[in-house]
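Hello,

Here is the structure I promised to pass on to you. Have a look at it first, and then read my notes below.

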Amino acid sequence: MMAALLNLLFMPVCAALSGLFLWATAGQEPKDDRELYRGFIWPLAAFMLLYSGSVNTDAVRMYTDPVFRMQAEMDAHPVYAALKLTAPDDHKALHEFLEGQMSQGLALPEAFVQARPLLTRLANERMRFADQKTRIQWGQVTVDTLRELQSRDPELCYRVMSSQSLDPQTLASAFSVGNANAFQQAVVSVYESADKGMRHERTPGDQPADFNEAARAFSAIRDDLAQQFGQPVSRQVSSKKLPEQPSEPAEQLCAARIAQLDAMLARPQGMAAMLVDSILR
């Protein structure tokens, strides 16, 4: 709307300024039509150039062009920038989602809150290429999120850990600002680390982990959960796919998943990374 108004005023404003300039510089001596024409035309051209240049600067377009402002805000967001740089397909999916949300009137931070399930799914898929410290960071953010939800609403905790769809109103209030920031930082880390991993860049500090030892550790954790929460709960949280309707109390399942991730993250770095990857991806 504002951009259209500025375009509509382009010629009238430039012509008015040129006329004022001519009046201010004409003096008292009479001039013929040719002199007046020349005195009007060259300031008009100058004002047209100045007007066109000023209204098309990024600073002005941030106020006058909603599409430009929306794209500039997205480009400046670290999560959007990370996906744009490292994962074109994921970036396209995120861009389309954010564009749809913002076209409905949401501000960018609110749109990113709604994008959290999408980003969770994408980051989980990308995690297999990330280094060990990044996988552990992702696992820590996940368990911190579940612990925060468990303290407020165990049913919501289970819906999040089982990757169920959440309505916009629930998403808008589900996560604290601190948790949302930690989540977005972890997403950036996953994509940056996965990009290096896909280019076979070795990560200093990665520790060797034996698959058989990790499998034994997984079994030991599962047995500990069975003793603490019961065999049905242990069996359910040890599976990769959780049902929408839990057969056990949501509070118990959420508490068991938190205990499971805590136990995995307490293992040595290499094994912890392998265990977290096995349960979250």
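**Where two helices meet**

Val79, Tyr80, Leu83, Lys84 and Thr86 in α6 are in contact with Pro88, Asp90, His91, Leu94, His95 and Leu98 in α7, where contact means heavy atoms within 4.5 Å. By type, the residues of this contact are six nonpolar, three polar and two charged; Ala, Val, Leu, Ile, Met, Phe, Trp, Tyr, Cys and Pro count as nonpolar, Asp, Glu, Lys and Arg as charged, and the others, Gly among them, as polar. Helix α6 covers residues 78-86 and helix α7 residues 88-103; their axes come within 6 Å and cross at roughly 140°. Those axes are lines fitted to C-alpha atoms over the stretch in contact, with angles from 0 to 180 degrees between N-to-C directions.

Before you go further, please keep in mind that this is a predicted model: local features need pLDDT of at least 70, side-chain atom pairs count only at pLDDT 80 or more, and totals for chains, interfaces and linings use all residues. Residues are numbered from 1 along each chain as its sequence is written, and side-chain values use heavy atoms, with hydrogens and water left out.

**The chain and its core**

The chain has 17 helices and zero strands; these are DSSP runs numbered from the N terminus, with at least four residues (H or I) for a helix and at least two (E) for a strand. Of its 281 residues, 39% are buried, meaning under 20% relative accessible area with a 1.4 Å probe, protein chains only.

Which residues touch the most other members of the largest nonpolar core? They are Leu94, Leu98, Leu119 and Trp138, in a core of 60 residues. Such a core is a set of buried Ala, Val, Leu, Ile, Met, Phe, Trp, Tyr and Cys residues joined through side-chain atoms within 4.5 Å. Leaving out residues up to four places away in sequence, Leu119 touches Val79, Leu83, Leu94, Phe112, Phe183 and Val187.

Asparagine 179 lies in helix α13 (residues 177-198). Asparagine 179 counts as buried because its relative accessible area is 7%. Beyond four places in sequence, its contacts are Arg116, Val141, Asp144, Thr145 and Glu148.

Alanine 214 belongs to helix α14 (residues 211-229) and is buried, at 4% relative accessibility. Apart from neighbours within four places in sequence, alanine 214 is in contact with Met271, Met274 and Leu275.

Best wishes

Notes
Buried means under 20% relative accessible area, exposed over 50%, partly exposed in between (1.4 Å probe, protein chains only).
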